[in-house]
Amino acid sequence: MPVRLDEIDRKILKELQQDASQSLDDIAKKVGSSKTPVWNRIRKLKEAGIVGQQTVMLDAEALGFEACFFVLIRTSEHEADWQQKFLKALQDRSEVLEAHRLAGDIDYILKVRVKNARAYDEFYQALIAEVRIYNVTALLSMEELKSTTMLPL
């Protein structure tokens, strides 16, 4: 059952999405409330599963991960065993930032962040050695035009 959010909840969520390291005092001022009610609302939002893990956004390029590939995967395997093996292979690889199962001609799309093309090839070789894949197409992102984790509240 979806949780009902009022305007203050939405304002709190927007503030948390922008910078979760803000103090409760700062958030309370920005949303027009006081510290204790804001803390109670955040606690309820966490309990409801709306607010999950809080983390830090790192700059991939500053850390030397200059290549971002979108990997399109087609498979002729759709059995549960294969899917579990594939999922484990993805979860074991820190290069895979996102993985989605798709409707349509492509079965899966991965977002893979690596240092360079050679590192991508090592990732690719390891993946196909572990799971059988019918077809793989890798697309190198030339420029990231927009990237956000913020939902449109």
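1. The model is predicted. Lys-30 is exposed, at a relative accessible area of 52%. Its salt-bridge partner is Glu-15, with 3.6 Å between the closest N and O atoms. Because Glu-15 belongs to helix H1 and Lys-30 to helix H2 (residues 24–31), the pair ties together parts 15 residues apart in sequence. Glu-15 counts as buried, at 14% relative accessibility.

2. A search of the whole structure gives 7 salt bridges. One of them joins the side chains of Asp-9 and Arg-41 at 2.8 Å, N to O. Asp-9 lies in helix H1 (residues 7–18) and Arg-41 in helix H3, 32 residues apart. Asp-9 is buried, with a relative accessible area of 10%, whereas Arg-41 is partly exposed at 23%.

3. Arg-93 and Glu-130 also form a salt bridge, their closest N and O atoms being 2.9 Å apart. Arg-93 sits in the loop between helix H4 (80–91) and strand E2 (96–101), and Glu-130 in helix H5 (residues 117–130), so the pair ties together parts 37 residues apart in sequence.

4. Strand E1 is largely enclosed by the rest of the structure, because 6 of its 8 residues are buried. E1 runs antiparallel to strand E3 (residues 108–114), with 7 bridges between them; Cys-68 stands opposite Arg-113 there. Another 6 bridges join E1 to strand E4 (residues 135–140), also antiparallel, where Phe-69 is partnered with Leu-140.

5. Val-56, Leu-58, Leu-63 and Phe-65 make a nonpolar surface patch of about 410 Å². Val-56 lies in the loop between helix H3 (35–47) and strand E1 (67–74), and is exposed at 62% relative accessible area.

Technical notes: Residues numbered from 1 in each chain as written. Predicted model: local features only at pLDDT ≥ 70, side-chain atom pairs only at ≥ 80, totals over all residues. Heavy atoms only, no water. Patch = residues over 30% accessible without salt bridge, like charges linked within 9 Å, V, L, I, M, F, W, Y side chains within 5 Å. Areas by Shrake-Rupley, 256 points an atom, 1.4 Å probe, with all protein chains shown as cover. Salt bridge = Lys/Arg side-chain N within 4 Å of Asp/Glu carboxyl O. Helix = DSSP H or I, 4+ residues; strand = E, 2+ residues; numbered from the N terminus. Buried < 20%, exposed > 50% of the residue type's maximum accessible area, 1.4 Å probe, protein only. Pairing = 2+ DSSP bridges.
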